[in-house]
Amino acid sequence: MLPKLRPGPAVVGATALASAAVAVGGLIVAASISAPAPPAELPPAAAVVSTAPPDTTPQATTADPAPATTDAPAAEATPDRSRATGPILVVGDSISLGSAAAIKAALGADTTVDAEVGRQFSTAPAKVRTWAARNPGPIVVDLGANGTVSAADVDAVLTAAGRRPVVLVGTFVPRAWQNANNTILRAAAARHGSNVVFLDWAAAVRAAGTGVLGADRIHPTPAGRTVLATAIRDALSRAA
C-alpha cells in the first residue's frame, strides 16, 4: 500500500530533530507543530522492514556520446496507493516530526504528518476522530515513546478509524514502558481485524543494525528516517 498517560506521564529526552525539539535536563520541550515543512536534507524513502538499501538513480555517464533519441524520459516513481482510499494521516511525536520528509516521500506528498514533540498517546483518539469525520484515507499512529499507552485509548483510536487501514507503530525507547506499550499495541491490532497492522519498530531497528538511531537511542538518523518511512509504507500495504 500506497499512499501519544496515564497519570503522571514521563517525557522522553530527545535530541534536536528538524529544528523542532530542544533537550533540556533530559526532557523534551517544544511547541506543538503540525505538518512541518520537511527538512531539505532528508533522504527519499527506501526499502521497508526488510531494511533493504534505498533506491538510487545512477548518474548519466559522459564517457561515450549516446545517439540522439526521442524516447520519453522514464516516469518518476510514485508511492504505492494500491490499498489506500485517500491521503494518509500520520499522528506522532518528535520521531515522526523529524521523519516527516521521508514519510511524505514514501506515502505521498499529500500525506498529513500531525506530529508534536512530547505528544502522548492519549491525544490520539481526538486527532483520529477529527480526521476520520472529513477524510477517508488510512491512518498511522506513531505514539508511545513519551509514556504509557492505555488499551482504552488504542481501542478508541481504532473505533474512530473504522474499517480504513490503520498502522500502530510500536516503540523503541530506553524506558520502562517500552515493552508494555508494544504488548498493548500488538494485542489491539490482533483484536480489531486485518485492517489494523502492528509495526514492530523495535524489531525493525534491531534488524537494520547500527546507524538507524542517534546517540539518544530514540530518534532516527537520516538513514533511520527512511527505514521508518518505508516500514510504515509496507505495513499499510498489508492492512486490508
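## Overall layout

The structure is a predicted model. The protein holds seven helices and seven strands. Along the sequence these elements follow the pattern β-β-β-α-α-β-α-β-α-β-α-β-α-α. Of the 240 residues of the protein, 49% count as buried.

## The sheet

Five strands make up an open sheet, in the order β4-β3-β5-β6-β7, and their pairing is parallel. The edges are taken by β4 (112–115) and β7 (196–199); each has a single partner strand, so one side of each is left without a neighbour in the sheet. From one strand to the next, the twist averages 15°.

Some of the pairings can be followed residue by residue. Strand β3 covers residues 89–92 and runs parallel to β4, with four bridges joining the two. In this pair L89 is opposite T112 of β4, and V91 is opposite D114 of β4. Strand β3 also pairs with β5 in the parallel sense, again over four bridges. Here V91 stands opposite V141 in β5.

|---|---|---|---|
| β3 | L89, V91 | V90, G92 | all buried |

Helix α3 (residues 124–134) lies across β3, β4 and β5 (139–142), and runs at about 165° to β5. Helix α7 (residues 222–238) also packs on the sheet, where it touches β5, β6 (166–169) and β7; the direction of α7 makes about 150° with that of β7.

## Helices α2 and α7

Two packed helices are described by the angle between their axes and the distance between the axes. For α2 (residues 100–107) and α7, the axes come within 8 Å and cross at roughly 35°. This crossing of α2 and α7 is right-handed. On the α2 side the contact is made by A102, I103, A106 and L107, which meet R225, T226, A229, T230, I232, R233 and L236 in α7. By type, the residues of this contact divide into seven nonpolar, two polar and two charged.

How many of the eight residues of α2 are buried? Seven of them are, and the helix is mostly covered. The buried residues are A100, A101, A102, I103, K104, A106 and L107. The cover over these residues includes β3, α1, β4 and α7. Just after α2, G108 has a positive phi of about 125°.

## Nonpolar cores

The largest nonpolar core has 36 residues, and those with the most contacts inside it are L107, V140, V169, W201 and I232. At least two residues of this core come from each of α1 (94–98), α2, β4, β6, β7, α6 (201–208) and α7. Which element gives the most to this core? Helix α7 does, with seven residues.

Residue V140 shows what such contacts look like. Leaving aside residues up to four places away in sequence, V140 touches I88, L89, V90, V91, V167, V169, I232 and L236. A second, separate core has 21 residues, including V141, V157, V166 and A188.

Several residues named earlier return here. L107 and I232 are listed among those with the most contacts in the largest core, and both take part in the contact between α2 and α7.

## A loop residue

R175 lies in the loop between β6 and α5 (178–191). This residue is partly exposed, with a relative accessible area of 33%. Along the chain R175 and I218 are 43 residues apart, and their C-alpha atoms are separated by 10.0 Å.

Terms used:
Residues numbered from 1 in each chain as written. Predicted model: local features only at pLDDT ≥ 70, side-chain atom pairs only at ≥ 80, totals over all residues. Heavy atoms only, no water. Pairing = 2+ DSSP bridges. Axes fitted to C-alpha atoms, helices over the stretch in contact; angles between N-to-C directions. Contact = heavy atoms within 4.5 Å. Left-handed = near helix turned anticlockwise from the far one by under 90°. Nonpolar A, V, L, I, M, F, W, Y, C, P; charged D, E, K, R; others polar. Core = buried A, V, L, I, M, F, W, Y, C linked by side-chain atoms within 4.5 Å. Buried < 20%, exposed > 50% of the residue type's maximum accessible area, 1.4 Å probe, protein only.
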